[in-house]
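Me: I have a model open and want to go through it. Can I ask you a few things?

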Amino acid sequence: MSSLWKPFSVSEAPCDRIMRRRCSQQSHPATLTHSPSPRLCAVSGAAMSRLSPDIYNSVSQKRTLSAAAIGGRKITHPGKAILAGGIAGGIEICITFPTEYVKTQLQLDERANPPRYRGIGDCVRLTVQDHGLRGLYRGLSSLLYGSIPKAAVRFGTFEMLSNPMRDANGRLDNTGSLLCGLGAGVAEAILVVCPMETVKVKFIHDQCSLQPRYRGFFHGVREIVKAQGIGGTYQGLTATVLKQGSNQAIRFYVMNLLRNWYKGDDPMREMHPVVTAAFGAAAGAVSVFGNTPLDVVKTRMQGLEAHRYRNTVDCAFQILHNEGPQAFYKGTVPRLGRVCLDVAIVFVIYEEVVKMLNNAWKTE
């Protein structure tokens, strides 16, 4: 069967005249990359006419996918997406974790208790003063263990969902990117983010107490599961699904929108890493202003004081009633800085790793 496919490798949109045995290199030279002459085109067309409908459809589908891979942004194999996403996620979190730490501390610093921190700088100063520079990396292990599978699930799910939705040039429309991003966000929230974030928030919150209980990642997880069961690592699941789903829907939508605008009518136009980083930072900024309230609710639901709230709606109501609407945007500035850097780094590393994998790992 592979010998039948080879004459029909595609670099542009498929030529329907192949099936009618009237195609020639002179009339359509770019279509047949392996056919040296019109005579071979006619022979291959005759062979195609004898195929069963199922095999014919299979060959036609292969030709269409080949057109998408060569004519525009290559369709990324989900396996490559998982590997590249994991690598990108691990590198990114090591760079940006201190901003995540400060953001979480400010969100946990509720107004009901007299605020401990007067702002970002004060939070950094007191943390370094009390715990040294390593204090800014408290809870990193839980995020590092989670960031690799999180990014792997995100990009793997996105590529798996988006590949069938791309056109013959490999272009994904904006609605498709929004829906695929939503699916990727929900998948990573359930499989990775919720337990990872719950452990991280409890670790950081524990450091604020007079007598910290957790001595490390595995000890902390063991104590949480011992005291609260597996459900103790899934606190705030609804808020996490809403946050991650909207996060990735916004980010992939904005990134795809900017990519399509940049490439215009030339799907083969390469995007420099600097351009990818700028588009990623813009996508991250939009997502921050779009769902920071959900992030605040999620953080409260996963803290050590989560028992004060009956559910996600009750948590949001108590924050609004006790602290006012501005409380929903606590930690926005440090989160903005972290997320813009995060998304920019992840997209750049992901794209570059995929390019390297395409050279080393050949997939159809």
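Me: Which helices each supply at least two residues of the lining of the largest cavity?
Reply: They are H4 (78–108), H6 (140–162), H7 (174–208), H9 (237–263) and H12 (332–360). The model is predicted, so to speak with care, local features need pLDDT of at least 70 and side-chain atom pairs pLDDT 80 or more, while totals for chains, interfaces and linings use all residues. Residues are numbered from 1 along each chain as its sequence is written, and side-chain values use heavy atoms, without hydrogens or water.

Me: What counts as a helix, and as a cavity with a lining?
Reply: A helix is a DSSP run of H or I with at least four residues, numbered from the N terminus. A cavity is a set of points on a 1 Å grid over the protein atoms alone where a 1.4 Å probe fits but cannot get out, and lining residues have an atom within 4 Å of a point.

Me: Which helix gives the most to that lining?
Reply: H9 does, with five residues.

Me: How many cavities are there, and what volume has the largest?
Reply: The count is eight cavities of 30 Å³ or more.

Me: How does the lining divide by class?
Reply: Into 12 charged, four polar and four nonpolar residues. Asp, Glu, Lys and Arg are charged; Ala, Val, Leu, Ile, Met, Phe, Trp, Tyr, Cys and Pro are nonpolar; the others, Gly among them, are polar.

Me: New topic. At what angle do H7 and H8 pack?
Reply: H7 and H8 (217–228) pack at about 105 degrees, with axes 11 Å apart. Axes are lines fitted to C-alpha atoms over the stretch in contact, and angles run from 0 to 180 degrees between N-to-C directions. That makes H7 roughly perpendicular to H8, a label for 65 to 115 degrees.

Me: Which residues meet there?
Reply: Val199, Lys202 and Phe203 in H7 meet Phe217, Gly220, Val221, Ile224 and Gln228 in H8, with contact meaning heavy atoms within 4.5 Å. By class there are five nonpolar, two polar and one charged.

Me: And how do H7 and H9 cross?
Reply: At roughly 145 degrees, with axes that come within 7 Å. Their contact has 13 nonpolar, 11 polar and one charged residues.

Key: On a 1 Å grid over the protein atoms alone, a cavity is a set of points where a 1.4 Å probe fits but cannot get out, and a pocket is an open set with protein on both sides within 12 Å along at least five of seven lines; lining residues have an atom within 4 Å of a point. Grid points are joined across faces, edges and corners, and a volume is the space filled by probe spheres set on the points. Angles under 35 degrees count as roughly parallel, over 145 as roughly antiparallel, 65 to 115 as roughly perpendicular and the rest as oblique.
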